[in-house]
Amino acid sequence: MKILASIISVVSYVLGRVLTLLELALALRLTIKYLGGNIQTPVVSFTYKITEPLVVPFNQIFPAISWPKERPLDMTTLSAIIGYAILFFIIVQALRLLHKE
């Protein structure tokens, strides 16, 4: 039982770190898009290339919003940030329930 508890603890820790990196990458994408970053620069291009597979499942869930009027707010990336946070929360809670049993 102690081995299972330590495995669950390690998995929860690793998932937390993965979520942190994922959320940081998506937040960088959201910021770059909001500020109108040039897609032809290497950093912006790399960021979009890395995060594109992460945001594809969330495409067109919500309509595009401009806030203020001249700044597009990327609802796809924002949805991905919230969606992955919820998903990881559910996974960690399920692992904790396994640990209690």
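Student: How many salt bridges does the structure hold?

Tutor: A salt bridge is a side-chain nitrogen of Lys or Arg within 4 Å of a carboxyl oxygen of Asp or Glu. The structure holds three. This is a predicted model: local features need pLDDT of at least 70, side-chain atom pairs count only at pLDDT 80 or more, and totals for chains, interfaces and linings use all residues. Residues are numbered from 1 along each chain as its sequence is written, and side-chain values use heavy atoms, without hydrogens and water.

Student: Which residue forms a salt bridge with E52?

Tutor: R29 does, with the closest N and O atoms 3.1 Å apart. R29 sits in helix α1 and E52 in helix α2 (residues 42-55), 23 residues apart. Helices (H or I, at least four residues) and strands (E, at least two) are DSSP runs, numbered from the N terminus.

Student: Is R29 buried or exposed?

Tutor: Buried means under 20% relative accessible area, exposed over 50%, partly exposed in between (1.4 Å probe, protein chains only). R29 counts as buried because its relative accessibility is 5%. E52, at 33%, counts as partly exposed.

Student: Where does D74 come in?

Tutor: R29 also forms a salt bridge with D74, closest N and O atoms 4.0 Å apart. D74 lies in the loop between β2 (72-73) and α3, so the pair ties together parts 45 residues apart in sequence. K33 forms a salt bridge with D74 too, at 3.9 Å between the closest N and O atoms. K33 is in helix α1, 41 residues from D74. Salt bridges that share partners join R29, K33, E52 and D74 into one network.
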